[in-house]
Amino acid sequence: MGGGAPLLAVEDLHVQFDTSRGVVHAVDGISYTVNRGETVAIVGESGCGKSVSSLAIMGLLAKPAGRVTRGRVLFEGRDLLTLSAEEMRAIRGRDIAMIFQEPMTSLNPVLSIGEQIMEPLFIHLKMTKDAAQARALELLQLVGITDGARRLQQYPHQLSGGMRQRVMIAIGLACNPKLIIADEPTTALDVTIQAQILELMKDLSRRLNIAMIIITHNLGVVARYADRVNVMYAAHIIERGTADDVFLRPLHPYTIGLMRSVPRLDLPRDVKLETIEGLPPDLRAPPPGCRFAPRCPFRRDACVATEMTLRDLAPNHATACIRADEIVAGTLVPASLPAKSAATASTTETAEPILKVDALRKYFLVPLSGSGMLSSKMATVKAVDNVSFTIAPGETLGLVGESGCGKTTVGRTVLKLEEATGGTISFSGVDITHRSPREMRETRRGIQVIFQDPYSSLNPRMTVGQIIAEPLHVYQLAKTKKEQEERVAELLRQVGLFDYMAERYPHQLSGGQRQRVGIARALALEPRFIVCDEPVSALDVSIQGQIINLLEDLQSRLNLSYLFIAHDLAVVRHISDRVAVMYLGRIVEVADRDELYANPKHPYTQALLDAAPIPDPRVERARAPRTLKGEIPSPLNPPSGCVFHTRCPLADDACRREIPQTRQIGPRHIVACHKA
Amino acid sequence: MLRYTLQRLLMVIPTLLGVAVLVFFMLRVVPGDVIEVKLRGDGGTVSQEVIDAERKRFGLDKPLIYQFGDYMYGLAKLDLGISLWTERPVTEEISLRLALSLQVAIMATIFAVLLAIPLGTMAALMRGTWVDYVVRIVTIGGLSIPSFWFGMLIMMALLYYYNWLPPITFTPIHVDPVANLTQLIWPAMAVGYRYCAVVARMIRSSLLEVLNEDYIRTARAKGVFENKVISRHALRNALLPAITVIGIEFAFLIGGLVVTEQVFNLNGIGKLFVQSVSRSDFTLIQGMVMMLAVAYIFVNLIVDLLYAVFDPRIRYGT
């Protein structure tokens, strides 16, 4: 920690938003500092105020709804909140730059990359055209874009998500700012690309001595890249300290809960995830005293009676919990969790598989770009190419891969929402590959689906009760109105909701509750097999844990089988018995979960595991920054031979020529690689 | 791009063919006979022989399928035939009026777009303030007041305040630009008001949408001057949907000014349409429908090509 005044000091910042349903106190008196060249993280779940506080620093709050009501933001001694609009504009992009979450939408689609990078150079540094051009090329090189001259002419839609985020970083760096605020900079990116971008940002901030504020919900990202951490909950900072302190010696029950509710790659997974019950408070009327008290396992009357303030318990380590002393002393330890019932994988060995997918192929025809509307030149995208797997009754098969690898298409084809191009799908020993929709009706009772987005997969004009009752209607499973209502109530209770919620509409529920409704709908037909397509990736960490536990619970009670599709390796590891890894339409490795994570054989699986951040600063610092180079090739024009050879560190000529056959390399361990 | 344009132009042929077949047969179903209207229309008594002879002269006695064949053969030679009423070539009848209608349409477009962009932008930027409300009232007026009535108001105002009315005889612009403009500026304004209202509302709503986009926040975070955020980052994106509306309205103006032309006593396409329909002048109607179809097709093509110019995401057949 350098001497002298901090670069940025946020003091007692309050931000309010006017909404049609009242005033939301989005940020309620937070204070923190950032020193020169230092990386500070602000961690918290959605709606906790972390993004709003950074927009307030930049003077970019959505007007007129949002406003700063109190506080100071001192940047190099100047209070940014008292500056005029023009003075503030001159600072934005010059001294403080910001990188946003969504690289796909954060660049202007009608301006070229060059125009967008050079814009701040013209405005702030008054550069000439030639000088700006040279600087833009230099910046692209800095962020790892090699063919800069060509890229400057291109438009955002011609670049991949990772490339666009590099461009955003280049724009941020353009005028050598003193501070960069990165708001969820890698949330929208794939895990291997995320690792590339984070390494790049860390490296640049060190080399150029730029201070960074990283705003994120991902604890792994924080552990790897932050010097100091501020944990936010319900518009307050509830814990602050160095990354080591916060991760290894958390002092607030919320932080502790957050750490425990994340599935982790580096810990045994045979316990259930601890979850934080309940929901964050409504910020229009926050509860008195400690805002976490309603969800806190250590709550006492004093928690509600005392106003929350951060206090130092150790040098540079502060918490807002009044019982923190007991946490330090070790007298407040949450009860350890029951081990998971271990009666899954072993019994399923001999059983007839409930789902058998053999050499499944799904090709899409897309119009070849560059051909006109009259010509019929089509290109084939092999979204799924020769995929085989089986799922036994009561088993969970995890299907992992990055976006565009075909994992969702596998799920949709198994559900017969897509017609397979080739191969067979057998359900309970019956071939359903070519069944007509009418013939599928009966089969569908046994196969259900849970979708990723609980916001768009429920009809907003139907009540929860109607949504859950619809499949009962379709299959005439409830004879009377009363019977139907009872069944809906039973299903709601089964997924941890209350009977009265049947009357509500989806928008009246939280994300986690909506996902529970989606699960209840899937359960209504008493299926034996459920395709879970990224069921938790849209949810906050603490909610994610609740849903995962629910899925596991239901599985052991109802003997369900899951095809669990996800991109998060830790979540897949936690819930799956076996795991299949997909890359560009092919399965590259399948193994029992422990075997796969302990002993990955395919270089892609190894790279994925390397790239996934682990929420422990010690582990992260010890790991070499090994990142996979390059990006996923276009499925329109996949590489010859092994589709992974363009990014594989082991690739040689044979890999470029021959498609690797899947080989059995251990009991229940299959890999498709020449080198394994 | 060139290839795409050529392909689109080729598509014109089947489209026009379809229009030609439809309009030909639909007209034959409509009651009314041009020869009878022409010869007996004023209460004159003409013998059936004279009418039959006249029919024969125009080839109307032939079976329908032969007439259709003749029509198609003519189209292939770009010959639209002669008007059954005036007996002058259809192309000549149309081109006489087209210059005027086209000019009014172009002037109305210029008037509308020049007014609509600032109006729509101001309303979006000052949403919820009195400016927005004034613009809203003005545009709702444009949508609800019929153009011909607004035209009459203009004329009455001119008469009342200046004791002056625009000339009623048409002077081509290359002969006397001033006389031409003094006549046509009023109908252009009358129809331009509605046009402007449609475009301004479009710009307002699409600008409001664009201003919420992430890239606008990015531009502000870069320290871009606020006026540049609007003109360079927001308006360029917001104008895209407006281009479509402008194109459709323009194509409509070429043929759709039936009543407004009456009010200003303009001898344009709209007036010709009414005349030829009331006279059952089949060949002329056919020719005008074909002309309008061509106009719509071309305006749409130009709109699509403009899209490609303004939006780099759209590149046709590079």
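**Chains in contact**

Modeller: The contact takes 28 residues from chain A and 24 residues from chain B; two residues are in contact if their C-beta atoms, placed from the backbone, lie within 7 Å. This is a predicted model, where local features need pLDDT of at least 70, side-chain atom pairs count only at pLDDT 80 or more, and totals for chains, interfaces and linings use all residues. Residues are numbered from 1 along each chain as its sequence is written, while chains are lettered from A and ligands numbered from 1 in the order in which they are written.

Biologist: Which helix gives the most to the side of chain A that touches chain B?

Modeller: H3(A), with four residues. Helices (H or I, at least four residues) are DSSP runs, as are strands (E, at least two), numbered from the N terminus.

Biologist: Switching to chain B. What domains is it divided into?

Modeller: Domain 1 (2-76) and domain 2 (91-310), with bounds from an automatic or database domain assignment. Their C-alpha centres lie 33 Å apart. The contact between them takes 14 residues from domain 1 of chain B and 13 residues from domain 2 of chain B. On the domain 1 side, H1(B) has the largest share, 10 residues.

Biologist: And A:Gln452, buried or exposed?

Modeller: A:Gln452 counts as buried because it has 20 C-beta neighbours inside 10 Å. The cut-offs: buried is 20 or more other C-beta atoms within 10 Å of its own, exposed is 12 or fewer, and partly exposed is in between, with C-beta atoms placed from the backbone.

Biologist: Where is A:Gln452?

Modeller: In the loop between strand E18 (447-450) and helix H16 (464-474) of chain A. A:Gln452 touches residues including A:Asp533 and A:Pro535.

Methods:
Lists of a residue's contacts leave out its neighbours within four places in sequence.
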